[in-house]
Amino acid sequence: MNREMLDFRKTRFITSAPDISRLPDDLGAEIAFAGRSNSGKSSALNAICDQSHLAKTSRTPGRTRLINLFQVKQGCSLVDLPGYGYAAVPESMKKQWQKSMSDYLQKRQALRGIVVTMDIRHPLKDHDRLIIDWSLAANLPALILLTKADKLGVNARREAVGEVKHLLSEFGGNFTVIAFSAWNKIGIDEVRTVLSYWFSTFHAAGGEGGDDDGYDADADGYDNGDGE
Ligand SMILES: Nc1nc2c(ncn2[C@@H]2O[C@H](COP(=O)(O)OP(=O)(O)O)[C@@H](O)[C@H]2O)c(=O)[nH]1
Ligand SMILES: [Mg+2]
């Protein structure tokens with residue numbers, strides 16, 4: 001199995017799409033980043049790619065409505081999905097978000113996994129649960145980043161990770177939970193390792209299109225890296 005670490009520092013912006021139906025052709029391998037507005041998703045992308053201005057970060061939640069695509073290398077892209085979960089959004093828009101997001105997770109052939117960012121102090125809100133639920137239904141592995149881990153001490157951090165793992169056990173499926181901080185560079189190499197692995201499963205599988213409709217997360221018994 002190829003466990004080579006990709007060089008995320010070479011990641012560059014490719015394009016923006018106004019919505020999921022207008023993404024570029026469904027080719028290659030993609031890993032999507034989802035999370036509530038202000039959960040630290042853009043900061044996480046920047047930290048993983050070691051570039052301060054790759055994804056825009058903002059103190060004003062909800063500014064980024066576009067889907068942004070970044071290429072790590074040919075055939076390997078990161079997809080920055082719009083932030084969700086703020087109350088001011090009308091019901092009809094929430095419905096639309098749910099529809100397009102579940103469609104995307106189920107139909108996008110290029111998708112190899114999903115990263116969900118959640119503030120370590122406020123994990124597993126309703127929309128986070130939906131995303132995780134849909135990912136698992138689509139047989140995609142999910143990586144949960146408990147962001148802003150610098151806000152907690154080491155013990156509280158470990159407790160938060162354990163609690164989220166426990167709450168997620170009801171979902172079954174293939175997921176990894178890690179404490180993360182863009183500011184203090186916590187968890188970055190762990191994330192890079194998981195993402196590299198997900199991308200490599202695409203290459204190992206022998207090319208685009210594939211011969212079936214899904215990536216079997218359990219096929220090779222990959223250890224989630226849950227550790228102790
Ligand atoms: N303490 C702390 N704050 C962070 C961290 N990452 C992001 N933030 C802050 O959280 C806010 C939202 O960050 P951003 O990356 O724009 O979140 P996004 O809306 O999910 O893309 C900003 O004020 C950031 O400075 C982190 O690792 N630690
Ligand atoms: Mg953002």
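A residue is buried if 20 or more other C-beta atoms lie within 10 Å of its own. I wrote this down before anything else, with a reminder that the model is predicted.

**Entry: strand β5**

I looked up strand β5, residues 111-119, and applied the cut-off to each residue. Eight of the nine residues are buried, so β5 is largely enclosed by the rest of the structure.

I then asked which strands pair with β5. Strand β2, residues 29-35, runs parallel to β5 and is joined to it by six bridges. One pair I noted is E30 with its bridge partner L111 in β5. Strand β6, residues 142-147, is also parallel to β5, and six bridges join these two. Here I noted D119, whose bridge partner in β6 is T147, and M118, which stands opposite L146 in β6.

I followed the chain from β5 to β6. Together with helix α3, residues 126-137, the two strands make a right-handed β-α-β unit.

**Entry: strand β6**

I repeated the burial check on β6. Six of its six residues are buried, so this strand too is largely enclosed by the rest of the structure. I also checked which way the residues point. A142, I144 and L146 point one way, while L143, L145 and T147 point the other way, and all are buried.

Next I looked for β6's pairing with strand β7, residues 175-179, and found five bridges in the parallel sense. In this pairing L145 has I178 of β7 as its bridge partner. The chain gets from β6 to β7 through helix α4, residues 154-168, in a right-handed β-α-β crossover.

**Entry: the nonpolar core**

Which residues touch the most other members of the largest nonpolar core? I found I114, V116, A142, I144, L145 and L146, out of 54 residues in that core. In soluble globular proteins, nonpolar side chains tend to be buried together.

I took V116 as an example and left out residues up to four places away in sequence. V116 then touches A34, G35, D128, I131, I132, A142, I144 and L145.

I turned to ligand 1 and listed what surrounds it. There are 21 residues, and the closest are G40, K41, S42, S43 and T57.

Is α1 enclosed or open? Eight of its nine residues are buried, so the helix is largely enclosed by the rest of the structure. I listed the buried ones as K41, S42, S43, A44, L45, A47, I48 and C49. After α1 comes D50, and I noted that its phi is positive, near 55°.

**Entry: the whole chain**

Last, I looked at the chain as a whole. I counted five helices and seven strands. From the N terminus on, the order of the elements is β-β-α-β-β-α-β-α-β-α-β-α.

What share of the 228 residues in the chain is buried? The figure is 39%. I also looked at contacts with a separation of 6 or more, and 77% of them are between residues 24 or more positions apart.

Definitions and conventions:
Residues are numbered from 1 along each chain as its sequence is written. Chains are lettered from A and ligands numbered from 1 in the order in which they are written. This is a predicted model: local features need pLDDT of at least 70, side-chain atom pairs count only at pLDDT 80 or more; totals for chains, interfaces and linings use all residues. A nonpolar core is a set of buried Ala, Val, Leu, Ile, Met, Phe, Trp, Tyr and Cys residues joined through C-beta atoms within 7 Å. A residue is buried if 20 or more other C-beta atoms lie within 10 Å of its own, exposed if 12 or fewer, and partly exposed in between; C-beta atoms are placed from the backbone. Two residues are in contact if their C-beta atoms, placed from the backbone, lie within 7 Å. Helices (H or I, at least four residues) and strands (E, at least two) are DSSP runs, numbered from the N terminus. Two strands pair if DSSP finds at least two bridges between them. A crossover is right-handed if, with the strands pointing away from the viewer, the path from the first strand over the helix to the second runs clockwise. A residue is near a molecule or strand if its C-beta atom, placed from the backbone, lies within 6 Å of it.
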